[in-house]
Amino acid sequence: MHFGMSETVVKNDKWWQNWSLAGVIGIAYCVAASLALDLTQGAGGIATIWPASGIFVSALLLARPGQTFPLIASVGMASMASNLLYDVPVSTALAFTCANLVEGLLISQLIIRTCGVPKMLEDTRLLATFFGATLVGSLVSGAIATGLGGDFSITFFVSWFLTVCLGTLIVTPVVVTIAHERRDDIVKSPLGPFAKLFLGLAIVATIGSLLLSSIDGRFLFLPVIGVIAATYFFGARGAAISISFIAILSIGQTDFSSSKSVIFGLHSNTLFLQFYLLSLLCAVWPLSALMAAKAKLIDQYAQTNALLKMAENTAQVGHWYLGSDNSSLVWSEEVYRIHGIDQDNLEIDESMDLEESSSLKLYHPKDRENVRRTLLTAMENQGGFAYQARIIRPDGTIRHVSSIGQPRFSPTGEFEGLFGTFQDISEQTETLEALRIARSNALREAATAQRLAETDELTGIANRRKALARLRTAARAAKRDNTPLTIAIFDIDHFKSVNDRFGHQMGDKVLRRVAKIVTNQLRPEHLVGRMGGEEFLVILPGEDARSGFKIIEKLRLLIANQRWNTSGLSEVTVSAGLVSLDENDDIDDALRRADEALYKAKQDGRNLLRLAA
């Protein structure tokens with residue numbers, strides 16, 4: 001219940017505020033209409049300028065939801081009152097009031113539905129809409145007033161149209177601008193607030209005094225200069241206020257009673273003043289819109305440039321431009337920062353051949369020529385380019401940079417120069433170098449681990465796993481290429497007695513020496529591996545039984561003829577079994593047969609080589 005009462009109170013307060021505001025607008029409308037009729041009586045009791053129309057249109061443009069109907073009602077009553085006050089018949093007053101209401105509603109709706117609620121007439125589209133809507137509304141208003149008022153003369157219609165049109169064009173911009181006054185909406189100028197105010201007052205005073213003193217009209221161009229100056233320094237607000245001052249001063253100083261009818265029955269002074277003010281409006285408002293558009297473009301450029309600087313700083317990527325004559329080099333702030341140079345401390349003096357350019361001297365001497373050739377080639381071919389190089393900062397530090405660019409052409413297709421990006425890639429380069437070193441170390445460690453995993457620790461030759469893997473590979477290759485493959489298994493005779501008599505250290509020495517003798521005698525494509533204990537496997541790709549027998553027999557003799565510098569150890573011999581594989585042989589079967597041949601050699605007295613059956 002309490003909530004409902006609060007809601008009712010809020011609605012009542014809003015209703016009271018809306019009607020109170022409408023009442024104030026109605027009073028202002030009535031006062032403006034009365035003053036216009038009192039100061040400048042024209043044909044048929046129509047004022048030279050009808051500022052009340054501008055007040056009504058402004059109120060409708062600024063109205064919030066719920067305020068439109070109170071405004072229409074209040075302005076309607078004010079219009080009736082102002083007309084009746086000057087002895088206008090009731091029927092005619094009703095016709096004029098209807099024309100004024102339709103005019104205001106039509107103009108405001110055309111503007112709102114086309115461009116939205118305006119703040120300042122600083123947009124060319126909004127300005128064109130405002131002028132067009134005012135012309136349409138004034139024509140319709142004149143037609144209604146002429147038709148319903150009973151005066152069907154051209155004089156009345158033209159007079160009504162001009163007065164209503166001028167009133168809207170002069171007053172509406174002032175009211176709307178002041179209502180939406182913002183400091184940022186004023187066209188920027190280098191003058192401070194107090195200097196602006198002083199200049200504005202000086203302009204207005206000058207316009208007024210010159211206008212009052214211009215008896216023969218020779219100085220009527222001076223107010224135009226004043227309005228243009230006000231527009232230049234203050235933008236839309238300056239244009240609106242200055243034209244309003246001129247309108248007020250000119251109406252107050254014009255003698256309308258002495259004017260004569262010159263065309264369509266209109267008085268000469270009235271007609272001259274109306275067209276003079278229309279000329280001012282048509283001259284100044286487009287200028288204001290163009291200046292506002294220029295200021296907007298400048299702001300957009302400044303904002304875009306600021307965002308570009310932020311983006312370059314964040315991404316650590318700058319840009320540069322080199323003209324086609326090699327003499328106009330431009331760097332962005334980020335390029336200077338990457339070089340570690342202040343913009344004021346580097347004088348760009350590019351030479352035609354890029355040989356002695358100050359910017360190229362900043363590169364590492366070993367990279368300078370590559371950069372120069374890359375740029376010259378891009379200039380000659382009018383094409384893109386890319387390079388990476390090192391630069392030396394003033395503090396001696398070296399930075400790695402990357403530059404990528406494209407040619408720039410004019411709208412007519414003429415080559416203008418090169419545009420490029422400039423990026424500090426030192427961190428990426430260091431990271432890649434660290435990754436390269438890490439990869440190299442990892443590969444080396446992996447190779448070492450693999451070698452250790454495949455190498456017999458004592459003898460340094462292939463271990464059992466590596467030897468068997470190589471044997472499988474050689475068997476597949478022999479079968480695929482239809483080439484011979486021979487293998488041999490040998491072990492050291494009476495090796496246990498060597499260990500027992502001379503110790504394991506001497507036994508290890510014997511194993512290493514035998515492995516070295518065999519390794520030194522084999523070709524690179526052959527392999528010897530330790531199968532375990534004193535047993536070895538020799539793999540001979542490309543060798544048949546005959547050539548393989550010769551190789552193994554030679555090895556047996558070399559080992560037997562070795563001299564040992566150990567007392568009691570006169571010789572070391574080996575026994576071997578050899579087998580030649582054919583395409584149908586199984587590896588395990590071949591190893592078994594070679595092992596049987598080895599066993600046969602031992603049975604026959606050792607230090608022998610036997611061929612498997």
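This report walks through some side-chain features of the structure above.

## About the model

The model is predicted: local features need pLDDT of at least 70, side-chain atom pairs count only at pLDDT 80 or more, and totals for chains, interfaces and linings use all residues. Residues are numbered from 1 along each chain as its sequence is written, and side-chain values use heavy atoms, leaving out hydrogens and water.

## A buried glutamate

Let's start with Glu103, which sits in helix 4 (residues 90-115). Helices here are DSSP runs of H or I with at least four residues, strands are E runs of at least two, and both are numbered from the N terminus. Glu103 is buried but has no salt bridge, and the nearest side chain of opposite charge, Arg113, is 17 Å away. Buried means under 20% relative accessible area, exposed means over 50%, and partly exposed is in between (1.4 Å probe, protein chains only). For charge, Lys and Arg count as positive and Asp and Glu as negative, while His and the chain ends are not counted.

What does the side chain of Glu103 make a polar contact with? The partner is the side chain of Ser53, at 2.9 Å. A polar contact is a pair of N or O atoms within 3.5 Å; within protein, one must be able to donate a hydrogen and the other to accept it, and residues adjacent in sequence count only if both atoms are side-chain atoms.

## Salt bridges

A salt bridge is a side-chain nitrogen of Lys or Arg within 4 Å of a carboxyl oxygen of Asp or Glu. By this rule there are 19 salt bridges. One of them joins Glu334 and Arg337, with the closest N and O atoms 2.6 Å apart. Both residues lie in helix 10 (residues 333-339), three residues apart, or about one turn of the helix. Glu334 is buried at 5% relative accessibility, while Arg337 is partly exposed at 36%.

Asp493 pairs with Lys602, their closest N and O atoms being 3.4 Å apart. Asp493 is in the loop between strand 8 (485-492) and helix 14 (495-502) and Lys602 is in helix 17 (residues 587-603), so this pair ties together parts 109 residues apart in sequence.

## Aromatic rings

The whole structure holds 11 aromatic pairs. Rings of Phe, Tyr and Trp (its six-membered ring) pair if their centres lie within 6.5 Å; planes under 30 degrees apart count as stacked, over 60 as edge-to-face and the rest as tilted. Phe130 and Phe131 have ring centres 5.9 Å apart and planes at 85°, so they are edge-to-face. Both Phe130 and Phe131 are buried.
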